[in-house]
Amino acid sequence: MEEKWYLYNKKKEIIMATIDLRNTVKEYINTADIRLLKMIKALAESYQNDEQELRLSEEQYQMIDKRRKAHLTGESKSFTWEQVKQNARKAG
């Protein structure tokens, strides 16, 4: 197993953790039997399908942009986090 590097910069830690994880997964794949390889393939395909489903359509982006503009110009009502919590407690 490769030596892990512990860096102080959080972004670099994430990168190193990703590299370590990728190398570990590669080790599993290199020694895997057909059953594990099929599970990994199914997981990867499921992940790709989920990623495609999570993408916003152009219409959704336009709606978000319209709402953002309304918020920035004061055309829509906004609440602070404290107000949201208070409203939720009152509703419950």
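What follows is a set of questions and answers on this structure.

This is a predicted model, in which local features need pLDDT of at least 70 and side-chain atom pairs count only at pLDDT 80 or more, while totals for chains, interfaces and linings use all residues. Residues are numbered from 1 along each chain as its sequence is written, and side-chain values use heavy atoms, with hydrogens and water left out.

Me: Which pattern does the chain follow when read along the sequence?
Reply: Helices (H or I, at least four residues) and strands (E, at least two) are DSSP runs, numbered from the N terminus. The chain has 4 helices and 0 strands. Read along the sequence, the pattern is therefore α-α-α-α.

Me: Is Leu56 buried, partly exposed or exposed?
Reply: Leu56 lies in the loop between H2 and H3, and, with neighbours within four places in sequence left aside, Leu56 is in contact (heavy atoms within 4.5 Å) with Tyr61 and Ile64. Buried means under 20% relative accessible area and exposed means over 50%, with partly exposed in between (1.4 Å probe, protein chains only). Because its relative accessibility is 37%, Leu56 counts as partly exposed.

Me: What separates Lys41 and Glu45 in helix H2?
Reply: Lys41 forms a salt bridge with Glu45 (a side-chain nitrogen of Lys or Arg within 4 Å of a carboxyl oxygen of Asp or Glu), and their closest N and O atoms are 2.7 Å apart. Glu45 is partly exposed, with a relative accessible area of 37%. Because the two residues are 4 residues apart in helix H2, what separates Lys41 and Glu45 is about one helical turn.

Me: How many residues apart are Glu82 and Lys85 in helix H4?
Reply: The side chains of Glu82 and Lys85 meet in a salt bridge, at 3.0 Å from N to O. Glu82 is partly exposed at 46% relative accessible area, and Lys85 counts as partly exposed at 25%. In helix H4, residues 81-91, the two are separated by about one helical turn, because they are 3 residues apart.
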